[in-house]
Amino acid sequence: MASPRIQAGTAAETPPTLWDPVVRVTHWGIAASVLLNALLDEGGSVLHVTIGWIVMALLFLRMVWGVLGPVEARFSAFPPNPLAALRHLRQLATGRVRHYPSHNPAGALMAYAFWATLAVVTATGLIMTGGATPMQVAADKAAVASGDWSALIRDGEGASDEDESLGKAAKEVHDVAANLLLILAALHVAGVALESRAMRRNLVAAMLIGKRQR
Ligand code: HEM
Ligand code: HEM
């Protein structure tokens, strides 16, 4: 297996013209889910929890792929390196960009920030719902609608003070992390646009179905 740490100028240093299907599906699946849950649906609804569980599954798949996937998708191809990220941003500002076999160091930091924040959002979501699956949440809501309030115990009603304060803290952290995801997304889209211009490449095409234009 070729090493992702390749010297400048070799052909293998060029990033993929098209990311593999797992990277593409997990990327667009997570991106769409974050935007839906943060902006469009009702927090805590069955749809919200269902989308949240889809995010968890996609995130898990991407983490496994980061170890077992093709070279450019592996974590070892884009290690988190803040100094290299700063250097890359400086180069970007002066127009002297170099190419990397995977994400550039600034893009890599952004990817890790997304994944860490997503882990916080999903963990706090699970705390708030007591780990209930979307089916359980739907059944609880149906029970409450038909007058059976016992289902609310899972949602915190009648819980101990300790459970209640954990639930409140989880909600606070969940809200802050969801907003952080939106801030990261705005920076990310701006970064992709800048990078595409500086490198004269269509990075979005490589993440979709087309090929990076050189
Ligand atoms: C909330 C929305 C979004 C999230 C959470 C997100 C997250 C991510 C993550 C985690 C990666 C790393 C991919 C991997 O290795 O698996 C990535 C890469 C990428 N994203 Fe997004 N993204 C979002 C929205 C977008 C949008 C709207 C665009 C299009 C303008 C976009 C374009 C890209 C591109 C082109 C890359 C690859 C960059 C490169 O070549 O290094 N993303 N994104
Ligand atoms: C893509 C990931 C997610 C995002 C961006 C997100 C975003 C949000 C936002 C912005 C709110 C506040 C809505 C409001 O104030 O009306 C919220 C509430 C909520 N979310 Fe999420 N969420 C995500 C994943 C999850 C997951 C995985 C679960 C559960 C397994 C979950 C469960 C909840 C619950 C129960 C509430 C209601 C909190 C309350 O008001 O008591 N979320 N979410």
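**View 1. Crossing of helices α2 and α4 in the predicted model.** The crossing of α2 and α4 is left-handed, a term used when the near helix is turned anticlockwise from the far one by less than a right angle, clockwise turning being called right-handed. The axes of α2 and α4 come within 10 Å and cross at roughly 140°, where axes are lines fitted to C-alpha atoms, for helices over the stretch in contact, and angles run from 0 to 180 degrees between N-to-C directions. That angle makes α2 oblique to α4, given that angles under 35 degrees count as roughly parallel, over 145 as roughly antiparallel, 65 to 115 as roughly perpendicular and the rest as oblique. This is a predicted model, in which local features need pLDDT of at least 70 and side-chain atom pairs count only at pLDDT 80 or more, whereas totals for chains, interfaces and linings use all residues. Residues are numbered from 1 along each chain as its sequence is written, chains are lettered from A and ligands numbered from 1 in the order in which they are written, and side-chain values use heavy atoms, with hydrogens and water left out.

**View 2. Contact of helices α4 and α6.** The axes of α4 and α6 come within 8 Å and cross at roughly 155°, and the two helices are therefore roughly antiparallel to each other. Their crossing is left-handed. By class, the contact of α4 with α6 has 18 nonpolar, six polar and one charged residues; here Ala, Val, Leu, Ile, Met, Phe, Trp, Tyr, Cys and Pro count as nonpolar, Asp, Glu, Lys and Arg as charged, and the others, Gly among them, as polar.

**View 3. Surroundings of ligand 2.** Of the 18 residues around ligand 2, those that come nearest are His-48, Val-121, Gly-125, His-174 and Asp-175, a residue being near if one of its heavy atoms lies within 4 Å of the molecule or strand. A nitrogen atom of ligand 2 is 2.8 Å from an N or O atom in the side chain of His-48, and for the side chain of His-174 a nitrogen atom of the ligand is likewise 2.8 Å from an N or O atom. An oxygen atom of ligand 2 lies 3.4 Å from an N or O atom in the side chain of Lys-171. Two or more residues of the shell are given by each of α1 (21-40), α2 (46-68), α4 (105-128) and α6 (161-199), where helices (H or I, at least four residues) and strands (E, at least two) are DSSP runs numbered from the N terminus. By class, eight nonpolar, eight polar and two charged residues make up this shell.

**View 4. Ser-196 in helix α6.** Ser-196, found in helix α6, is buried, with a relative accessible area of 15%; buried means under 20%, exposed over 50% and partly exposed in between (1.4 Å probe, protein chains only). The side chain of Ser-196 reaches the backbone oxygen of Val-192 at 2.7 Å.

**View 5. Leu-58 in helix α2.** Leu-58 is found in helix α2 and, at 13% relative accessibility, counts as buried. The C-alpha atoms of Leu-58 and His-27 are separated by 8.4 Å, although these residues are 31 apart along the chain.

View 6. Arg-200 is found in the loop between α6 and α7 (203-207) and is exposed, with a relative accessible area of 69%. Phi of Arg-200 is near 50°, a positive value in a residue other than glycine.

Definitions and conventions
A polar contact is a pair of N or O atoms within 3.5 Å; within protein, one must be able to donate a hydrogen and the other to accept it, and residues adjacent in sequence count only if both atoms are side-chain atoms.
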